[in-house]
Amino acid sequence: MIARYADIAAVYRDTGRLSSQQGNVLATIMAGGDSAGGRMLVVTDPPRHTDMRRVLQGAFSPRAMARILDALTSATRDTLGALVCRGGGDFAREVAAVIPLLTMCELFDVPAAERPRMLDLTMAAMGTEREARAGGQAAAQREILQYYAHLLALRRTDPGPDIVSLMAAEQPDGTTLTDAEILLNCYNIIIGGNETTRFSASGGVLALIEHPEQWQRLQEDESLLDSAVEEVLRWTTPATHVARTATTDIVLQGVEIKAGDIVTLWNTSANRDEQVFADPYTFDIGRTPNRHLALGHGPHFCLGGPLARTELRLLLSEMRRQVPELKLDGPLEWIGSSVLAGLSRLPLAVTSRPTSTTG
């Protein structure tokens, strides 16, 4: 177990001696390894990782982000607005879960009628909801892959600006992805893009409720939006850990690690390291610098990181505009997972801003 920020950052960069290919979470490696190893970006080592990442980066380029920005802005405004009109509800399910799903569906150009089903499948596939833990996880994973196999077949005959078409196209440098690689990376992007963003969003709102002085600061000063996003990511750290497998005998901080040993990097600990963050257990939306590891580090830094930041910034901006007061309206529920940390239920009572009148 690696707990200090500096050590974790160093291990993230050491892809030669600490491999992702056997799996990137503890439970998967202990169960025998990841069957997607070498074919899905997050569980692939260089040099194949480098080639694959080069292809996938195009899906998150500024041009690709610009294509969906208007839709994302509208979805954020309307989804939050609906909750406000109802006077509240379950923010975790009705807002935080919906916005990243709609974003991913825009990137993949999933038809609108099929998007609610993709949300249900995503929750079940990650095993973070009660129904998944009751046995539906594997079925949901299969159905997601089947859906994107169908979408891939359509895109091969009628390509567009979406991620699937981009991965299926012949690359200028000659890199090609197999059908299996395309489907596995579709699965990874849709799962990762939904789960981590929704947990940081709901956890960020809870932090603002628990620290009303920070919510007041944000309402009074729009310039704090960017630093607030970074503090929400640090504070929530949805991906609790990643795992690596040693490929050779190494020594870290005087500790011998044998080839084949599992090494876990605890992001939650790194982001509370008092050697890096002043008052790490204080939620401070003006914190700077804020070089957290919530989105990873080094070659495996999250491809969707810029998109996650955009989603959170738009949400906080809309909350400033639409919601003057937030308060809890019932008990919280946390997911049951050693991989992710987040809320499955966040009941809120929301007061809308009064409409100004003239006369």
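Start by selecting Leu 18: Leu 18 stands opposite Ala 246 in strand β3. You are looking at a predicted model.

Now show the two strands. Leu 18 lies in β1, residues 18–19, and two bridges join β1 to β3. These two strands run antiparallel.

Next, select all of β3, residues 241–246. Is β3 mostly covered or mostly open? Mostly covered: six of its six residues are buried.

Colour the side chains of β3 by direction. His 241, Ala 243 and Thr 245 point one way. Val 242, Arg 244 and Ala 246 point the other way. In a regular strand, side chains alternate between the two faces of the sheet. Buried here means under 20% relative accessible area, and both sets in β3 are buried.

Zoom in on Ala 243, which stands opposite Thr 264 in β6.

Select α6, residues 98–108, and α10, residues 179–210. Their axes are 8 Å apart, and the packing angle is about 155°. Angles over 145 degrees count as roughly antiparallel, so α6 is roughly antiparallel to α10. The crossing of α6 past α10 is right-handed.

Finally, show the side chains where they meet. On α6, pick Pro 100, Leu 101, Met 104 and Phe 108. On α10, pick Cys 186, Ile 189, Ile 190, Gly 193, Asn 194, Thr 197 and Arg 198. Which classes make up this contact? Seven residues are nonpolar, three are polar and one is charged.

Conventions: Residues are numbered from 1 along each chain as its sequence is written. This is a predicted model: local features need pLDDT of at least 70, side-chain atom pairs count only at pLDDT 80 or more; totals for chains, interfaces and linings use all residues. Side-chain values use heavy atoms; hydrogens and water are left out. Axes are lines fitted to C-alpha atoms, for helices over the stretch in contact, and angles run from 0 to 180 degrees between N-to-C directions. Helices (H or I, at least four residues) and strands (E, at least two) are DSSP runs, numbered from the N terminus. Angles under 35 degrees count as roughly parallel, over 145 as roughly antiparallel, 65 to 115 as roughly perpendicular and the rest as oblique. A crossing is left-handed if the near helix is turned anticlockwise from the far one by less than a right angle, and right-handed if clockwise. Contact means heavy atoms within 4.5 Å. Ala, Val, Leu, Ile, Met, Phe, Trp, Tyr, Cys and Pro count as nonpolar, Asp, Glu, Lys and Arg as charged, and the others, Gly among them, as polar. Buried means under 20% relative accessible area, exposed over 50%, partly exposed in between (1.4 Å probe, protein chains only). Two strands pair if DSSP finds at least two bridges between them.
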